[in-house]
Each structure stands twice: as structure tokens, then as C-alpha cells.
Amino acid sequence: MRVALWRALHVELDPPPHVLDDQIGLRLADPADGWRDRGDMDPVGTSRFRASIVVRSRFVEDLLAEQAGRVGQYVLLGAGLETFAQRRPDIAERYRIFEVDQPRTQAWKRQRLVETGYGLPEWLHSVPVDFETDSWWERLRAAGFDAGQPAVVASLGVSMYLTDAANRETLSLLARSAPGSTVVMTFQPPIELLDEQDRPSREFAVRGAAGSGTPFLSFYTPAQLVDMARAAGFVAARHVSAADLNTRYFSGRTDGLRTSNGEELLVATT
């Protein structure tokens, strides 16, 4: 919900050009009146969170646009209120999209898609998974994912909630994807690697996550995660830093909007 609202705030508060234009998530979330006045929606205090949220999705969507026609499958791990299928049907319909998430979350999202008139296209597949008891890989294959064909896989905002063992298993499973597949995974570096101005926000986020029963469990240096991906079996792996993202997506802005190095990207290929 918070991710969807931050994406909407980017459109409402930040001047164009918008890195990502997503107000559909806001419509699906349908928050109570006054949501913009919440502390976690503070226009100034959350600007770098907003930037991080929109730029990670934009990076993946640019990759999907580049690979459409060569790759025909797209997997979102922890899909949440992602709206790529609704916002970019011109690209999305060229893929078989598999959204992997908790059963209740998916049931609610599917209901909202129907209620708001977006519907459920035949190329959009929900993969309900109880991550504590189910094998998401087996559920994904049972839903029609073809491990023999290349895919783009995105795991955004997930790795910090998983144990190190679970992250290593996830990379090991994804490394089995067909040659020509690409995995984009976000990760959070240890606090000592963060820019000084971003450390209080990290501390706040860690306290909030623990208080809500979903604590942050795993932090990685870029070198650690790249080494993990290579050890898992990927042919190549690279770190995409916040500086890289700022150069590519935020250069020339007059409002000072920038993402932080509190969350960066791993890109691994098979």
C-alpha cells in the first residue's frame, strides 16, 4: 500500500518528467481520506524513498521494453500492487506475466482489478504462494511458467525481509532459468555504507518494520551480493548503484529529486 501511495505522490508532487507515471496503484489501494497527511507521506522527508520506489520499477520496465520479442516471460516476486500490466499493456501483452505473492494479497488485488474495470487479461497469471510452507518455484511452474524459456524476473523490495539462507536459495533457483534470462533484485547495503543523510531514514524504517512484525533480516554489500549470484550459478552479475540510477534517470532535474544508496540493484544473467 505504501509503495503504491509513494508512486502516486511522485506524480502529484514532483514536477515532470516523471520517472514512473503510476496512479493506478492509488486507485486500487483506495486509501481513506487524509492519507496524504500521514507522517509516512511527508513530501520532503520521504522524497528519497519515493525516488527509490519509482526508479527501481522504471529500470525493470526499460529492460522489459528492450527484451520484448526476444523474451516472452516476466516474473514478479512479491508483486504487491504492481501495475505494469495495467499501465503498459503495449509492452505487457507481449509477455506471459506471473505475479507471485501471498494468497490473500493476490485475491484482494484481483478483486480490485475487476471492481475498477481493469480486468484480468489472459496473459496475466497470479501465483498464490505461502512463502513459509510452499515452494514458490514449484508453484510458479505449476502456473505455466516454462523454465526452458528465458524470462525477466524482478524481486523488488523483498530481499531485506528474507533470511540469508532464503536469499541464497532464491538466487540458486533463479539461476536455473533458461539461458538468456535476466534477474533484477533490490538489496539494502549495511547502514555504515549509506550516505550520512540517509542513515536516520534507515533506522526509522528498521524500527517500523520490526514493530509491524516484518523485520529486516538481510543486508549486503554490493560485492557480497554479486559474489552470491555468481556462486549460485549466474553467468554474469553486476551492481547498479544509486549513482548509476541518478545519472540515468534524474540528471537535469531542477527539484533535486534523487534516489539514495539505501537500496540498490543486482542484475544477474544466465
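## Two helix pairs

Axes here are lines fitted to C-alpha atoms, for helices over the stretch in contact, and the angles between N-to-C directions run from 0 to 180 degrees. The structure is a predicted model, in which local features need pLDDT of at least 70 and side-chain atom pairs count only at pLDDT 80 or more, while totals for chains, interfaces and linings use all residues. Residues are numbered from 1 along each chain as its sequence is written, and side-chain values use heavy atoms, with hydrogens and water left out. Helices (H or I, at least four residues) and strands (E, at least two) are DSSP runs, numbered from the N terminus.

Helix 8 (residues 164-174) packs against helix 10 (residues 222-232) with the axes 8 Å apart and at an angle of about 50 degrees, which makes helix 8 oblique to helix 10. Angles under 35 degrees count as roughly parallel, over 145 as roughly antiparallel, 65 to 115 as roughly perpendicular and the rest as oblique. The crossing of these two helices is right-handed; a crossing has that name if the near helix is turned clockwise from the far one by less than a right angle, and is left-handed if anticlockwise. From helix 8, Asp164, Asn167, Arg168, Leu171 and Ser172 meet Leu225, Met228, Ala229 and Ala232 of helix 10, where contact means heavy atoms within 4.5 Å. By class, this contact has five nonpolar, two polar and two charged residues (nonpolar: Ala, Val, Leu, Ile, Met, Phe, Trp, Tyr, Cys and Pro; charged: Asp, Glu, Lys and Arg; polar: the others, Gly among them).

Helix 3 (residues 47-67) and helix 11 (residues 242-249) have axes that come within 11 Å and cross at roughly 70 degrees, so helix 3 is roughly perpendicular to helix 11. This crossing is left-handed. Val55, Arg58, Phe59, Asp62 and Glu66 of helix 3 make the contact with Leu245, Arg248 and Tyr249 of helix 11, and these residues divide into four nonpolar, no polar and four charged.

## Aromatic pairs

The whole structure holds seven aromatic pairs; rings of Phe, Tyr and Trp (its six-membered ring) pair if their centres lie within 6.5 Å, and planes under 30 degrees apart count as stacked, over 60 as edge-to-face and the rest as tilted. One of the pairs is edge-to-face and joins tyrosine 74 to phenylalanine 84, at 5.7 Å centre to centre and with 90 degrees between the planes. Because tyrosine 74 lies in strand 1 (residues 73-77) and phenylalanine 84 in helix 4, the pair ties together parts that are 10 residues apart in sequence. Tyrosine 74 counts as buried at 2% relative accessibility, and phenylalanine 84 likewise counts as buried at 2% (buried means under 20% relative accessible area, exposed over 50%, partly exposed in between, with a 1.4 Å probe and protein chains only). Leaving aside neighbours within four places in sequence, phenylalanine 84 is in contact with residues including Glu61, Leu64 and Ile97.

Phenylalanine 98 and phenylalanine 145 are both buried, and Phe98, Trp136, Trp137 and Phe145 form one aromatic cluster.

## Backbone details in two loops

Most residues other than glycine have a negative phi, and most peptide bonds are trans. The peptide bond from proline 16 to proline 17, however, is cis, with omega near 5 degrees, and proline 17 is found in the loop between helix 1 (2-13) and helix 2 (24-29). Aspartate 30, in the loop between helix 2 and helix 3, has a positive phi near 50 degrees, and at 54% relative accessibility this aspartate 30 counts as exposed.
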